[in-house]
Amino acid sequence: MVKKVLGIESSCDETSMAILETADDGVRAMVLANKIASQMDMQKAFGGVIPEIAAREHLTIISSVYKDTLQSAGVEPAEIDLIAVTAGPGLIGALLVGNAFARGLALRLQKPLIGVDHVHAHIYGALLNKPDPSFPALALVVSGGHTHLYEMASPTEFKLLRLSLDDACGESFDKVARLLGLSYPGGPVIDRMATKGDISRFKMPLVDLPGGFSYSGLKTHMLNTVRALGDKIQDDAVRNDLCAAFQKEAIEQILRPLERILGSAHPYKSIIIAGGVAANSYFRRRIQEFSSLELRLPEMTYCADNGAMIGALGARMYALEGIAAEFRPYSRYRG
Ligand code: KG4
Ligand code: ZN
């Protein structure tokens with residue numbers, strides 16, 4: 001039975017690895033070590049992630065992240081039973097670095113290698129070190145690249161109910177922050193400034209499209225508001241108020257369809273919230289007031305990209321399917 005799993009993540013600007021140990025059922029996994037080397041400070045200078053630079057940085061740092069992770073877990077390479085790596089979606093150059101490393105290691109150690117979907121793995125970020133929630137569950141992955149609402153009949157079934165028709169929610173935080181002259185990534189900065197702002201001073205368009213989530217209208221509204229404000233945008237109080245109003249609408253938009261589902265007869269027993277935006281304080285507060293269903297929220301370290309969530313989903317898939325099928329890295333979400 002698989003006991004120790006190495007999870008490898010390199011889809012964007014974090015090189016992260018984790019060692020997990022599966023419980024006696026071989027299914028649920030506890031994190032022994034989770035190391036995250038972020039390029040955020042370097043990418044800040046460019047106001048976003050430059051794919052070429054991200055790939056090169058992964059290459060520079062990946063071996064030392066591996067050594068650090070094993071050392072911190074107190075595990076020798078030969079003790080690893082399974083390697084799980086993000087197969088996609090993500091920046092293809094960045095993914096290739098993680099995948100080449102994982103493949104080389106699997107060959108050298110003669111261990112199985114499993115490819116994991118990054119968006120699905122985010123859901124496992126909310127389940128780490130906790131008992132499984134009851135199924136069927138509703139799961140929201142709200143990140144820099146995706147805004148997905150899933151129905152999960154079981155821990156490895158991901159039926160996509162709704163997604164963003166344009167920008168992802170986290171991406172809109174990043175773009176609006178840039179518009180306001182704030183640093184990258186925008187989510188944490190807007191979250192902080194919003195706590196000091198007046199939520200009702202600026203009116204935002206209420207977005208509730210039948211076909212999916214949408215952030216382009218909200219973004220354009222912010223652009224027009226900033227232009228109309230002219231020099232007043234330099235005033236911290238004005239920016240705080242804008243952040244509060246934008247953040248509220250960006251999050252409320254996600255909650256509206258959820259409210260409709262839960263407002264009528266439904267089969268769901270739990271809600272799982274995951275992805276980088278799951279770190280948002282307004283989101284975390286609102287979702288806790290929202291329903292009496294069992295709720296799983298990720299610990300703050302497991303909101304953003306991390307190797308532990310990759311290892312946890314990889315271990316689960318391997319335990320259920322018992323094989324590590326052939327796979328290739330992919331840049332776009334495949335479902
Ligand atoms: O899941 P993640 O690390 O990367 C992707 O897979 O995309 O998510 C990163 C995103 C960024 O857009 C960042 O601005 C956003 O998560 N984020 C937040 C907060 N912390 C990170 N958004 C809103 N509020 C936050 N506190
Ligand atoms: Zn992610």
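User: Where does asparagine 129 lie?

Analyst: Asparagine 129 lies in the loop between α4 and β6. Helices (H or I, at least four residues) and strands (E, at least two) are DSSP runs, numbered from the N terminus. This is a predicted model, in which local features need pLDDT of at least 70 and side-chain atom pairs count only at pLDDT 80 or more, while totals for chains, interfaces and linings use all residues. Residues are numbered from 1 along each chain as its sequence is written, chains are lettered from A and ligands numbered from 1 in the order in which they are written, and side-chain values use heavy atoms, with hydrogens and water left out.

User: Why is asparagine 129 called partly exposed?

Analyst: Its relative accessibility is 29%. Buried means under 20% relative accessible area and exposed over 50%, with partly exposed in between (1.4 Å probe, protein chains only). The value of 29% therefore makes asparagine 129 partly exposed.

User: What is the phi of asparagine 129?

Analyst: The phi of asparagine 129 is positive, about 60 degrees, although the residue is not a glycine. Most residues other than glycine have a negative phi. Glutamine 110 also has a positive phi, of about 55 degrees, and is not a glycine. The place of glutamine 110 is in the loop between α3 and β5. With a relative accessible area of 63%, glutamine 110 is exposed.

User: How do you know whether histidine 120 is buried or exposed?

Analyst: The relative accessible area of histidine 120 is 8%, so the residue is buried. Histidine 120 is found in helix α4 (residues 118-125).

User: Which residues does histidine 120 touch, not counting those up to four places away in sequence?

Analyst: They are Tyr150, Phe158, Leu313, Tyr333 and Gly335. Contact means heavy atoms within 4.5 Å.

User: Why is strand β6 described as largely enclosed?

Analyst: Six of the six residues of β6 (residues 137-142) are buried, so the strand is largely enclosed by the rest of the structure.

User: Which way do the residues of β6 point?

Analyst: Ala137, Ala139 and Val141 point one way, Leu138, Leu140 and Val142 the other way, and all are buried. In a regular strand the side chains alternate between the two faces of the sheet.

User: What makes β6 and β7 a pair, and in which sense do they run?

Analyst: Two strands pair if DSSP finds at least two bridges between them. Six bridges join β6 to β7 (residues 147-152), so by that rule they pair. The two strands run antiparallel. Leucine 140 stands opposite leucine 149 in β7, and a hairpin of four residues joins β6 to β7.

User: Which way does β6 run against β9?

Analyst: β6 and β9 (residues 270-274) run parallel, joined by five bridges. Alanine 139 stands opposite isoleucine 272 in β9.

User: What makes strand β4 mostly covered?

Analyst: Seven of the seven residues of β4 (residues 82-88) are buried. Strand β1 (residues 4-9) and β4 pair in the parallel sense over four bridges, with leucine 6 opposite isoleucine 83 in β4. β4 and strand β5 (residues 113-117) also pair in the parallel sense, over five bridges. There valine 85 stands opposite glycine 115 in β5.

User: Which peptide bond involving glycine 88 is cis?

Analyst: The bond from glycine 88 to proline 89 is cis, with omega near -10 degrees. Proline 89 lies in the loop between β4 and α3 (92-109). Another cis peptide bond joins tyrosine 184 and proline 185, where omega is about -10 degrees. Proline 185 is found in the loop between α5 (169-179) and α6 (186-194). Most peptide bonds are trans.

User: How many helices and strands are in the chain, and how do you know that the chain is as compact as a globular protein of its length?

Analyst: There are 10 helices and 10 strands in the chain. The radius of gyration is 20 Å, close to the 20 Å that the globule rule gives for 335 residues, so the chain is as compact as a globular protein of that length. The radius is taken over C-alpha atoms, and the globule rule is 2.2 Å times the number of residues to the power 0.38.

User: What share of the chain counts as buried?

Analyst: Of the 335 residues, 55% count as buried.
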